[in-house]
Amino acid sequence: MIAFINGRLEDITSHTVTIESNGIGYEILVPEYVLRGLGSIGSEVKIITYLDVKEDDMKLYGFLSKQEKTLFKQLITVSGIGPKGAMNILDELSPDNLVAAIISGDSKAIAKASGIGPKTAQKVVIELRDKVSLEGTIFDQSGYEVDMSNADESSNDMSIAAQALVSLGYSNSEALKAIRKIGDVSGMNTNELIKEALKHL
């Protein structure tokens, strides 16, 4: 198993990168958003990889983080979605938007991906809704800081959740309305608040 490749970026095409590491060139299939996150030719890069092995073929798929690789692996557990389908979904939706679509039940957004029909998109939502993690996404609470001096823990979590939703493109009022629709938020942490709020957006 090749967990990651650290080396020099040798070549970029529409869906692949070639990384030279210790004299070996690795061709890696990547979603479009990964290409945007890499440097220029000749720069040092680190690609998290997933090796797909079939009887007559082996392919390396690459990502920018372990969380993105986990999301890819979760997608290919869904019946009807192979590595190519998972890549098409990640091409259509960034990891952040995909997590939001899954949690909010927005199968129509997922169905826009090439080769993914409405029924398959619905299966993605149904099968992964309770499995996807907010870690490493725009919703990850670790990226936000709120002044605790005049707030209790519950309101602090609500503020962080609202900031995360705003970061995805929702307005302040939309974020707050969604959080209010949850009802009783006592005992809920930030991640739980975000997941529940997304269901109301």
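**Figure 1. Val45 in strand S4 of the predicted model.** Val45 sits in strand S4, which covers residues 44-54; the model shown here and in the other views is a predicted one. Is Val45 buried or exposed? With a relative accessibility of 8%, Val45 counts as buried, because the cut-off for that label is under 20%. Leaving aside residues up to four places away in sequence, Val45 touches Ile5, Asn6, Gly7, Leu9, Ile19 and Leu38. For a sense of scale, take Glu68: Val45 and Glu68 are 23 residues apart in sequence, and their C-alpha atoms are 16 Å apart in space.

**Figure 2. Asn22 in the loop between two strands.** Here the view moves to the loop that links strand S2 (16-21) to strand S3 (24-29), where Asn22 lies. Asn22 isn't a glycine, yet its phi is positive, at about 55 degrees. How does Asn22 come out, buried or exposed? Asn22 has a relative accessible area of 78%, so it counts as exposed.

**Figure 3. Helix H4, a mostly covered helix.** Eight of the 10 residues of H4 are buried, so this helix is mostly covered. The buried ones are Pro95, Leu98, Val99, Ala100, Ala101, Ile102, Ile103 and Ser104. What does the covering? The cover over the buried residues of H4 includes helix H1 (32-37), H2, helix H3 (83-92), H5, H6 and helix H9 (190-198).

**Figure 4. Leu98 and the largest nonpolar core.** Which members of the largest nonpolar core touch the most other members? Among its 56 residues, the answer is Leu98 and Ile110. Helix H4 (residues 95-104) gives this core its largest share, six residues. Look around Leu98, ignoring residues up to four places away in sequence, and you'll find it touching Leu71, Leu75, Ile89, Leu90, Leu93 and Ile110.

Figure 5. Gly105 is found in the loop that joins H4 to H5. Gly105 is partly exposed, with a relative accessible area of 31%. Its contacts, not counting residues up to four places away in sequence, are with Val125 and Arg129. Ile12 makes a handy reference point: Gly105 and Ile12 are 93 residues apart along the chain, and 34 Å separates their C-alpha atoms.

**Figure 6. Helix H6 and its buried face.** In H6 (residues 118-128), the buried residues are Thr120, Ala121, Val124, Val125 and Leu128. Looking down the axis of H6, these buried residues fall within an arc of 145 degrees, so they line one face of the helix. As a reminder, an α-helix has 3.6 residues a turn, so residues three or four places apart point the same way. What covers the buried residues of H6? The cover includes helix H2 (66-75), H4 and helix H5 (107-111). Over on the other side of H6, Pro118, Lys119 and Ile126 are exposed.

**Figure 7. Helix H8 and its two sides.** H8 takes in residues 172-180, and its buried residues are Ala175, Ala178 and Ile179. Seen down the axis of H8, they stay within an arc of 100 degrees, so they line one face of the helix. Which exposed residues does the face turned away from the buried side carry? That face of H8 carries Lys177 and Arg180.

**Figure 8. Stepping back to the protein as a whole.** From the N terminus on, the order of elements is β-β-β-α-β-β-α-α-α-α-α-α-α-α. The C-alpha atoms fill a box of roughly 55 × 40 × 25 Å along the principal axes. Of the 201 residues, 42% count as buried. Among contacts with a separation of 6 or more, 51% come from residues 24 or more positions apart. The protein exposes about 10700 Å², with carbon and sulfur atoms supplying 47% of that. As for charge, there are 20 positive and 28 negative ones, and their mean positions are 7 Å apart.

Key: Residues are numbered from 1 along each chain as its sequence is written. This is a predicted model: local features need pLDDT of at least 70, side-chain atom pairs count only at pLDDT 80 or more; totals for chains, interfaces and linings use all residues. Side-chain values use heavy atoms; hydrogens and water are left out. Helices (H or I, at least four residues) and strands (E, at least two) are DSSP runs, numbered from the N terminus. Buried means under 20% relative accessible area, exposed over 50%, partly exposed in between (1.4 Å probe, protein chains only). Contact means heavy atoms within 4.5 Å. Accessible areas come from the Shrake-Rupley method with a 1.4 Å probe; for residues, only the protein chains shown count as cover. Lys and Arg count as positive and Asp and Glu as negative; His and the chain ends are not counted. The place of a charge is taken as NZ of Lys, CZ of Arg, CG of Asp or CD of Glu. The arc is that of the directions from the helix axis to the C-beta atoms. A nonpolar core is a set of buried Ala, Val, Leu, Ile, Met, Phe, Trp, Tyr and Cys residues joined through side-chain atoms within 4.5 Å.
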